Amino acid sequence: MDYALLREMMVETQLLTRGIRDSRVLEAMKKVQRHKFVPEAMLGSSYDDIALPIGEGQTISQPYMVAVMTELLAMSGDEKVLEIGTGSGYQAAVLSELAREVYTIERIPVLADKARARLEDLGYNNVFVVTGDGSRGLEDKSPFDRIIITAAAPELPVVIINQLREDGIIVGPVGDRMSQVVVKGRKKKGVLVEEFHTPCIFVPLIGEYGWKS
Ligand code: SAH
């Protein structure tokens, strides 16, 4: 299969037509080999317009959702980024192309281990995978310039907002268990100024400051 061609088509038909404009984001999505992040049985669907199962009841997000959230982060290349919900590691790889340093947390050890190995194999050496409850953020590496939560929370946890620097941006799906909306917050004089974007469906953020189970 010509995966490079499939990636170009993905960018053309799924991202450009739906309004993704940040050229760095489009380039990154053209470059990152999504097929390396999906289970063998799903290879043929690697570049389809859907989320795919990755085991443990979790999913790799739809390419469009990755692009929307990444574009909302408005990165220029020098940022230190925190991702909560590593999953397959795909979103972390996209971030790695666009930022200086990426810390990503995953609560399910087997997924964290697989993602870490995969990212290392692919040479993403500015990504650090941490195993643990990301609903608390990652205090000892804070503050972050950007934070992305890729699991659904009832609200953006205050403890995580506290780890965002002044003028920093946080993006994540907020809502109930079955449906959410992508929220973007920018910290201005210590207060988060929020905007509401695309409706979405993410797996739940489970932990101390997320859902309990
Ligand atoms: N960004 C991922 C997809 C995320 S799916 C990708 O690109 O593939 C959401 C992930 O969040 C799941 O793997 C789930 O196990 C994880 N998760 C849920 N609650 C979490 C928590 N409290 N801390 C860290 N990870 C969590």
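Strands are DSSP runs of type E with at least two residues, numbered from the N terminus. By that numbering, β2 gives the largest share of the shell around the ligand, three residues. The model described here is predicted.

The ligand is surrounded by 27 residues. The closest are Ser88, Glu106, Asp133, Gly134 and Ile206. By type, the shell holds 10 nonpolar residues, 13 polar ones and four charged ones. The space that the ligand takes is the largest pocket.

In the side chain of Glu83, an N or O atom is 3.0 Å from a ligand nitrogen. For the side chain of Thr150, the corresponding distance is 3.1 Å. Arg107 takes part through its backbone, with an N or O atom 3.2 Å from a nitrogen of the ligand.

Asn126 sits in the loop between α5 (109-121) and β5 (127-131). Its relative accessible area is 15%, and the cut-off for a buried residue is under 20%, so Asn126 counts as buried. The side chain of Asn126 reaches the backbone oxygen of Arg100 at 3.2 Å.

Other loops hold backbone features. Ser142 and Pro143 are joined by a cis peptide bond, with omega about 5°. Pro143 belongs to the loop between β5 and β6 (144-149). A positive phi is found at Glu56, a residue other than glycine, with a value near 60°. Glu56 lies in the loop between β1 (52-55) and β2. Ala74 is not a glycine either, yet its phi is positive, at about 45°. The loop between α3 (63-72) and β3 (80-84) is the place of Ala74. With a relative accessible area of 39%, Ala74 is partly exposed.

Technical notes. Residues numbered from 1 in each chain as written. Predicted model: local features only at pLDDT ≥ 70, side-chain atom pairs only at ≥ 80, totals over all residues. Heavy atoms only, no water. Near = heavy atom within 4 Å. Polar contact = N/O pair within 3.5 Å; in protein donor to acceptor, adjacent residues only side chain to side chain. 1 Å grid on protein atoms, 1.4 Å probe; cavity = no way out; pocket = protein on both sides within 12 Å on 5 of 7 lines; lining within 4 Å. Sits in = over half its atoms within 2 Å of the grid points. Helix = DSSP H or I, 4+ residues; strand = E, 2+ residues; numbered from the N terminus. Nonpolar A, V, L, I, M, F, W, Y, C, P; charged D, E, K, R; others polar. Buried < 20%, exposed > 50% of the residue type's maximum accessible area, 1.4 Å probe, protein only.
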